[in-house]
Amino acid sequence: MAKSKGKKKHGGRRSKKAGSAVDPATTVCKFQLEGKCKFGEECKFVHPADAAPKLEVKTDAASVEVAAKAGPVEATPKRQSSSLIGGAMNVAGSIAGAVLSPFSPRSKVVLPAALESSMSLFTPSQQELARKLCGLPGSTNQCHLFAGWGDDAKFDDQKKAMMAKLESVDEAYPDGGLVGYLTNAVGLLEKSRRGENPLEGWKPSVPQGEAFEVGTEAFLSTEELGLKEVGKCGFVLVAGGLGERLGYGDIKIGLPTELATETSYIQFYIETILAFQSRYAEGKKLPLCIMTSGDTNDKTVALLNKHKNFGMDADQITIVQQGKGVPALYDNDAHIALVSDDPYDIQMKPHGHGDIHALLHSHGVAKAWLAQGMKWTTFFQDTNGLAFHTLALSLGVSSKLGLVMNSITCPRKAKQAIGAITKLTKGSQERTINVEYNQLDPLLRANGSADGDVNDETGFSPFPGNINQLLFNLESYAKVLDRTKGMMPEFVNPKYKDAEKTVFKKPTRLECMMQDFPTVLVGSETAKVGFTSLASELCFSPVKNATADGVALQAKGTHPGVAATGEADQSSAVCRILRSIGCNVKEGSKVTFSGIKFGSGPDCVLKPSFAACATEFKKKFPNPSAIKISGRSSLVLAGEGLVVESLNLDGALVVECEEGATGVVRDLAVKNKGWVKVSDEASADEVIRMRGYRMSKLETEEIIFKKNGTVEGMNETRVGDLSKPASDEELEGDTLCGGGCAIM
């Protein structure tokens, strides 16, 4: 006689299949997942809200452990928690791929109905990922990602695209894939919610390093030492940004640094590298690595191709592309945020420029450069025209002190809103790292300094300001990359709506920063971190803000960081160096364009082919007291073979010395209408509009020393080889003579 199958009664007793038993206490109610359960709290089956024991995150100084009240859950401590940087943070190597609760491919995971019915659309690896995301315990599962999916086949392509995107994130995140990212996020968000002090127990002190004033004996001798090393340096340009924020429709490295020559940032950087190469590399090619993003990669390649790499050989340039970012998270359970008007797309946010280290490792860049004979590598950012004024100087410091990592810094006033390079110690542990200004003062007070962060006898805080320009010993750097795979500490910084810290103002994400490299150093490496400090007017003037934002910042006493000030500061830095070696360079007038106030003039552009550092300036102006430049003047000098012995300039002068040619400017007096800045706030040209002015070149004196020995310009009265000093007889009168004479 056949057995009766009986009728299933939801919420009550169910019949059992032979050989198996269903435990309502551990089985998820599929009707509740579909929004159809009528029994509510009386249902004997588990609803997703209590599908797993509530979690609590236990932390200590070395690891993050995730545990459930029902029993401990083991987690592999690959990524350690850090107490060195603002916000909640993990040091590279934290809980890696450990999931909040162990996931086994054999585990039965109840999927949302819309996802279950769509699984055949996906690859086996995508199906596995979907199960992992939905199998995360309790309120941390990601079932909500699929709750808004429709049943109609017209949505199939959108479903495939969303799963492909999730899979790409899973493949790109090195610390356990997407589940590892969410695991790390839950731990960090919990630490943030509890308000843990990341600096608890650490004692601050002034780190090792050297501060300089341009033109001093200490400055010049250290720079001279560094010039012996600059020919063994690789260059890393962190250039992931578009210029939209500035009102520029292209990539930021394509922006002109100034209007005198309209040289773009990438052109200026490459020309500087090539100048160092030609003078100090002894036949080696100095390599350049550019980090791009998905938004900028194709544009960067196109710009380089269009201009034939601005003279650099193609085999010198490596481009590494940063990933598409990481998922945005909208609550403390690390739920991935969907695009507001699209249930088939997830929100992504940048992971931070700390990814550069992992990219250099995965692409084998550091090891390749070592094999090419490089000894150092320097990191710089996309729109700082003053970046290379400190290169030789910092190389000199690193050589003297034996540093693994050297942070380029500028003097900062006590409590100034800029991060400070600080040495931290806790027992036998030591770190020299950036500490945010709003953390440094209370940290100093907590460690016995009654006044906290105060200025010393120099008028500045003893803790120098971080500008995110770094120099590494390449051999040591490559070893650390091998050990860590280039993974940097992550941190989270959610903005809360409520005092209980349970609701975010907007989705957040995990981030990492390249300057946090010292957190992954071990043993004796940690003592080999220091700084090189130079006035910000000579080393740091990034172009990062739209004009309107710059006006607001300037009103608060903060540098505006706009195109107009970037250009003005670049010329001003050159003038400061000229004055430091004894040249008579007057100050220009103060002007205002589009609400931005800055010093205008003299506009001095010394191309890297002419001189790239203060030591070279001294050689190019051997009689500095004979150099006079008025405050309204504009001067452009280019060419390695050019020397300026004496000049009186009141107007505009452009002197170019072709490659292979030589020329001397001596007793030359120029007075003309020159160049002036003219207000043009409504220009159709966005490069002009973002500055608020255009350069009107009213009158210009131009001289070109040709490779064939002739000279163009100065009315071409007479030409010749001008590399030799003239006799007293030849110097008499206001003439231009050939055969070993000078321009007058």
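Predicted model: local features only at pLDDT ≥ 70, side-chain atom pairs only at ≥ 80, totals over all residues.

Me: Do S26 and strand S28 pair in the parallel or the antiparallel sense?

Reply: Strand S28 covers residues 634-638. Val605 stands opposite Val636 in S28. Four bridges join S26 and S28, and the sense is parallel.

Me: How do H6 and H11 pack: roughly parallel or roughly perpendicular?

Reply: The axes of helix H6 (residues 217-227) and H11 are 7 Å apart, at an angle of about 85 degrees. Angles of 65 to 115 degrees count as roughly perpendicular. Therefore H6 is, relative to H11, roughly perpendicular.

Me: How many residues in the contact of H6 with H11 are nonpolar?

Reply: H6 contributes Phe219, Thr222, Glu223, Leu225, Gly226 and Leu227. From H11 come Ala392, Leu393, Leu395, Gly396, Val397, Ser399 and Lys400. Four of the contact residues are polar and two are charged; the nonpolar ones number seven.

Me: Is Gly402 buried, exposed or partly exposed?

Reply: Gly402 sits in the loop between helix H11 (391-401) and strand S16 (405-410). Its relative accessible area is 39%. Buried needs under 20% and exposed over 50%. So Gly402 is partly exposed.

Me: How far apart in space are Gly402 and Asn473?

Reply: In sequence, Gly402 and Asn473 are 71 residues apart. The distance in space runs from C-alpha to C-alpha and is 8.6 Å.

Technical notes:
Residues numbered from 1 in each chain as written. Heavy atoms only, no water. Pairing = 2+ DSSP bridges. Helix = DSSP H or I, 4+ residues; strand = E, 2+ residues; numbered from the N terminus. Buried < 20%, exposed > 50% of the residue type's maximum accessible area, 1.4 Å probe, protein only. Axes fitted to C-alpha atoms, helices over the stretch in contact; angles between N-to-C directions. Parallel < 35°, antiparallel > 145°, perpendicular 65-115°, else oblique. Contact = heavy atoms within 4.5 Å. Nonpolar A, V, L, I, M, F, W, Y, C, P; charged D, E, K, R; others polar.
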